[in-house]
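Colleague: Could you take me through the pocket lining in this predicted model with some care? I would like one connected account.

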Amino acid sequence: MEKDVLTLGADDTLDLLDDMMRLAHVRHIPIVSGGALVGIVSQRDLFRAAISSVLQLRNSVEREWLAKIPIREIMTTSTLTIDPDASIHEAVDVMVGKRIGCLPVVASGRLVGLLSESDCLRYLAHLLGLAEVKATLPEMPGD
C-alpha cells in the first residue's frame, strides 16, 4: 500500500489531473475533500474524457479543452474502499472480482493509502522470492 498518496479535489481540472498522472507515473488519483474520499479517477476515465483521439486535436487544443472540465464531471463517486486491517487476500479478491486496478484504503472516513495492482504484484514477487529461498533450505529432521 502506498501511504503517501497523490490526491486532487473535485474542482480541480482535467489538465491538472493529466499533468499529475504523467509526472507521477500513476494510473489512479483519489479525489478528496477535507481528507475524506469523495471519488477516484483512473487513467481510463481521463482517456474517455479526452477528445483528441476522436477529433485528432493538437495537444494545445486538447489542453485548453481539458482545462475547462472539472474532475467532478468524470470521477467515479461510488468508490470501493478497503479497511487498513483487511488482508491482502481480501483486497485482491475485491480487485479481481470487481475488475478494478486499485483500492483506496480508508480509516474512520479518511483516506490513509492506496493499494494498486502494482503493490499486489510487488507483494507476490516478495512471496515467490521467499518460496524460492525456502525450497533451497535443507529439510529439518523430524522429532
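Modeller: In the lining of the largest pocket, the largest share comes from H2, which gives four residues. Helix H2 (43-49) is joined there by strand S2 (36-42) and strand S3 (102-107), these being the elements that give two or more residues to that lining. The space in this largest pocket comes to about 500 Å³, and of the 20 residues that line it, those closest to its centre are His28, Ser42, Arg99, Ile100 and Gly101. Sorted by class, this lining holds seven nonpolar, seven polar and six charged residues.

The second largest pocket, with a volume of about 310 Å³, is lined by 15 residues, and Val26, Arg27, His28, Leu114 and Ser116 lie nearest its centre. Here the largest share, three residues, is supplied by H6, while strand S1 (28-33), strand S4 (110-116) and helix H6 (117-136) each supply at least two residues of the lining. In terms of class, the lining of the second largest pocket consists of six nonpolar, four polar and five charged residues.

Methods
Residues numbered from 1 in each chain as written. Predicted model: local features only at pLDDT ≥ 70, side-chain atom pairs only at ≥ 80, totals over all residues. Heavy atoms only, no water. 1 Å grid on protein atoms, 1.4 Å probe; cavity = no way out; pocket = protein on both sides within 12 Å on 5 of 7 lines; lining within 4 Å. Points joined across faces, edges and corners; volume = space filled by probe spheres on them. Nonpolar A, V, L, I, M, F, W, Y, C, P; charged D, E, K, R; others polar.
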